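This report treats a charged surface patch and a set of paired strands. The structure under discussion is shown below.

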Amino acid sequence: MSATGHPRLRRALAAVAWTLLSIVAVAGVWVAVGLPSAKRAAAQVYPEPAAVRPADVGLAAQRAPGFRPERPTVAILLAGGGTNIADTLAPYEVFARSGIVNVFLVAEEPGPITLGGGLTVLPQRTFAEIEEMTGGAPEVIVVAQMHGDRDSEMRWVADTLDKNPDTLVMSVCVGAADIADVGILGGRRATTHWLKLVGLRREPGDTDWVDGVRFVEDGPTITAAGVLSGIDAAMRVVERLGGGDQLPRISREIHWRGYGSGAGVDIDPAALGPGDLPFALSAAFRWDRPRNGVLLTPGVGEIELASAFRPYTELSWLATLTAVSPDGGPVTSRHGVTVIPASDVAGAGGIDRLLVPGAEAARTGVAAAVVGDGPEPTYLHRSDRFAFDPVLDDIAVHYDRATASWVAKSLQYPVDVPAAGRDGVAPWPWAQTAIAATLAAAAIGLVQLVRISVRVLRDRRRSS
């Protein structure tokens, strides 16, 4: 190597080293600042359940639909540590509307349970009660995405199958991982949320994980893909139980465009891409999350409830939600789910927005009598559309189109959201991008300052 080669090589290696150090510094700053923010946001999805008076615990069974022994029974599993609200309530409403099954939210104990976003519900039956009512085992068990320790819940599922191997097990979203863990999917085809599929395919086991479909039916199991795919899977269960003639009516009533009778619905396989960056930006750098109230009113639909909580919280982290009711007392949904608010509107303190789910609430303008000096109510369901559609519109308008598109993708719900530039819809979460860019620039600037300082010190030593 020539005499001039050594200095050039040293300069090239130094440039590479400083570049790598800059990258490490940027990543380090993003992690140091963004990770605590992301952890706080994740913790807000499943907060502690709202306080429940002892007298309220019995309400769930009283207000639940009655048990008709001639009908098959569907038990939708609730975990003590929390359960995904859309995975749970969307199939519940489909089953309740079918008119051919008994459907109950079931848990090990009768106490309050938090669904995603912060909605507290009371189980309608305990495991023991379901066993007594059905003479041993329900005909269908639905396993949604559950949080926290769910060993006892999955033991109950396994024990139920030991008693009645013909029990149909339906999973929604990453609930498929739980039923796989107890051996239910051994040697079967199955699907789950597209974000979970990558990891599951790398794990040992003989389950054939597939994508590109809303649900997979394999013998006594039906596994749904992400979140709203549970609607299609529930419709297939209804059809399998003899209620196929009810599906057109159910679809019309909830404005669902999905399930085609008789076969799984093909969808485009999903994967993370550059357009999904709002997922990370919102988790790490959305520091101004508003505190929104969600007004619970009697007769609100279960899918309407889910649409008011899931899109703003899990995998989007757009707001902190507080459930309120006109008088602060329990509210019963359209098909008998008892929900417990944190307080009335005034007791919630300063809230930035008041979201009001439910077409009936919008029609009657119920919030006008309870808002007091609070913010003007936002009625989410003024039009005859699927309940999640206007919520995605709301996210596009109040946040940005890219975030709304990500939320739809995380729900595994193929729908167009309002175009950027129309009606003031921003195309991208620019504020969060600016925060990330500023932190990156600061980290790179610090590295450059160190580099210059090192050079100055080196030059001084050489000249002395």
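A patch of positive charge on the surface gathers Arg8, Arg10, Arg11, Arg455, Arg458, Arg461 and Arg462. Two or more of these residues come from each of α1 (5-45) and α16 (430-463), and α16 gives the most, with four residues. Patch members have over 30% relative accessible area and no salt bridge, with like charges joined within 9 Å; a salt bridge is a side-chain nitrogen of Lys or Arg within 4 Å of a carboxyl oxygen of Asp or Glu. Arg461 lies in helix α16 and counts as exposed because its relative accessibility is 59% (exposed means over 50%, buried under 20%, with a 1.4 Å probe and protein chains only).

The model is predicted: local features need pLDDT of at least 70 and side-chain atom pairs pLDDT 80 or more, whereas totals for chains, interfaces and linings use all residues. Residues are numbered from 1 along each chain as its sequence is written, and side-chain values use heavy atoms, without hydrogens and water.

Strand β6 (residues 140-143) directs Val140 and Val142 one way and Ile141 and Val143 the other way, and all are buried. In a regular strand, side chains alternate between the two faces of the sheet. Helices (H or I, at least four residues) and strands (E, at least two) are DSSP runs, and two strands pair if DSSP finds at least two bridges between them. The pairings of β6 are as follows.

| Partner of β6 | Sense and bridges |
|---|---|
| β1 (residues 73-77) | parallel, three bridges |
| β7 (residues 168-171) | parallel, four bridges |

Ile141 of β6 stands opposite Ala75 and also opposite Val169 in β7.

Notes
Patches are made of residues with over 30% relative accessible area and no salt bridge: like charges are joined within 9 Å, nonpolar side chains (Val, Leu, Ile, Met, Phe, Trp, Tyr) within 5 Å. Accessible areas come from the Shrake-Rupley method with a 1.4 Å probe; for residues, only the protein chains shown count as cover. Lys and Arg count as positive and Asp and Glu as negative; His and the chain ends are not counted. The place of a charge is taken as NZ of Lys, CZ of Arg, CG of Asp or CD of Glu.
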